[in-house]
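Subject: The structure I promised you

Hi,

Here is the structure we talked about. Have it open next to this email and click along as you read.

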Amino acid sequence: MNSTAQKRKIEVCLTPALLHLYPLQGKVVVLIDIFRASSAICTAIAHGVQNIIPIESIEEAESLRDKGYIVAAERKGEVVEGFPFGNSPYAFMNPDLKGKTIGLTTTNCTRAIHLAQEAEQIVIGSFLNISSLVNYLQDIDHDIVLLCAGWNNKINLEDTLFAGSLIQELADSFEVDCDAGIAALQLYECSQYDIAGFLARSTHRTRLSHLNLDADIEYCLRRDIQTAIPVFNGYSISNLLQIEIEA
């Protein structure tokens with residue numbers, strides 16, 4: 001970016017409960033749910049899943065399942081009874097899912113996606129695809145809102161840390177336009193050399209450990225192992241590259 005050009009704005013919404021305070025029209029929203037939904041979505045798209053339909057309720061998920069779709073459902077970190085899997089990234093690596101359309105409902109992420117539909121665009125972020133995401137965001141002409149899915153409308157550390165990491169990476173192109181963004185950046189700068197250790201006592205990290213999901217946690221904190229950028233088109237999520245080629 002030309003150093004003389006005016007920087008775009010970047011804001012952080014630490015929980016969907018505060019999203020009504022953020023005008024979204026004309027802005028790009030980066031949806032963040034590190035443990036585990038956004039990481040699972042990135043993994044699914046990277047492993048060849050064609051489309052993911054984000055669903056808000058279990059009832060809608062059951063309806064889609066009854067129509068013959070493969071549907072994943074998670075609540076409170078666990079697979080919902082009656083569904084084949086939840087939001088573990090490892091479940092979406094199954095080669096049998098390649099080319100398929102999958103429904104997905106989660107405790108926090110899929111609801112947040114629907115709340116942000118006024119945005120110009122919604123892309124899905126994770127540590128897994130962070131460099132590809134940064135490269136894309138540096139080239140857009142829109143301000144950005146980083147939307148942390150949190151936990152039951154409360155703030156969580158892992159999503160906040162990822163928001164801070166993105167702000168650090170985008171510092172040449174964007175300026176922080178809210179204190180939540182400043183806080184996220186400073187928190188990330190304090191933890192960036194040992195994120196796993198910093199998160200050891202975080203509530204969702206502890207919750208998932210109690211469910212024997214330490215492998216998922218370790219995987220979700222890996223950096224730059226994927227290049228796909230999932231994007232929501234108003235109905236389903238697919239690879240941004242695929243959309244650009246089709247356009």
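(Helices are DSSP runs of H or I with at least four residues, strands are DSSP runs of E with at least two, and both are numbered from the N terminus.)

Before going further, a word on what you're looking at. This is a predicted model, where local features need pLDDT of at least 70 and side-chain atom pairs count only at pLDDT 80 or more, while totals for chains, interfaces and linings use all residues. Residues are numbered from 1 along each chain as its sequence is written, and side-chain values use heavy atoms, with hydrogens and water left out.

Back to Asn152. With a relative accessible area of 44%, Asn152 is partly exposed. (Buried means under 20% relative accessible area, exposed means over 50%, and partly exposed is in between, using a 1.4 Å probe and protein chains only.) Asn152 touches Thr107 and Asn108, if you don't count residues up to four places away in sequence. A contact here means heavy atoms within 4.5 Å. Asn152 and Ala17 are 135 residues apart in sequence, yet their C-alpha atoms are 8.9 Å apart in space.

- His204 sits in helix H8 (residues 203-210) and is buried, at 4% relative accessibility. Leaving out residues up to four places away in sequence, His204 touches Phe35, Trp151 and Glu158.
- Ser57 is in the loop between E3 and helix H2 (58-66). Apart from neighbours within four places in sequence, Ser57 contacts Arg75 and Thr105.

Now zoom out. The chain has 10 helices and 11 strands. Its C-alpha atoms fill a box of roughly 55 × 45 × 35 Å along the principal axes. For 247 residues, a compact globule would have a radius of gyration near 18 Å, and the 17 Å of this chain agrees with that. (The radius is taken over C-alpha atoms, and the globule rule is 2.2 Å times the number of residues to the power 0.38.) Buried residues make up 54% of the 247. Among contacts with a separation of 6 or more, 78% are between residues 24 or more positions apart.

Which residues of E3 are on each side? Asn51 and Ile53 are on one side, Ile52 and Pro54 are on the other, and all of them are buried, so both faces are covered. E3 runs parallel to E6, and four bridges join them; two strands pair if DSSP finds at least two bridges between them. Ile52 stands opposite Ile102 in E6.

Next, the rings. How many aromatic pairs does a search of the whole structure find? It finds three. (Rings of Phe, Tyr and Trp, using its six-membered ring, pair if their centres lie within 6.5 Å; planes under 30 degrees apart are stacked, over 60 edge-to-face, and the rest tilted.) One of them is Phe85 with Phe92, edge-to-face at 5.2 Å centre to centre and 90° between the planes. Phe85 is buried at 12% relative accessible area, and Phe92 is buried at 1%. Another is Tyr90 with Tyr219, tilted at 5.2 Å and 50°. This pair links distant parts of the chain, 129 residues apart: Tyr90 is in the loop between strand E5 (78-79) and strand E6 (101-105), and Tyr219 is in helix H9 (residues 214-220). Tyr90 is partly exposed at 40%, whereas Tyr219 is buried at 3%.

Charges sit over rings too (NZ of Lys or CZ of Arg within 6 Å of the ring centre and within 35 degrees of the ring normal). Arg8 has its charged end over the ring of Phe174, 4.3 Å from the centre, and Arg65 does this over Phe83 at 4.7 Å.

Last, the cysteines. A disulfide is a pair of cysteine sulfur atoms within 2.5 Å, and the count is zero. Cys178 is in no disulfide either, with the sulfur of Cys13 nearest at 8.8 Å.

Happy clicking!
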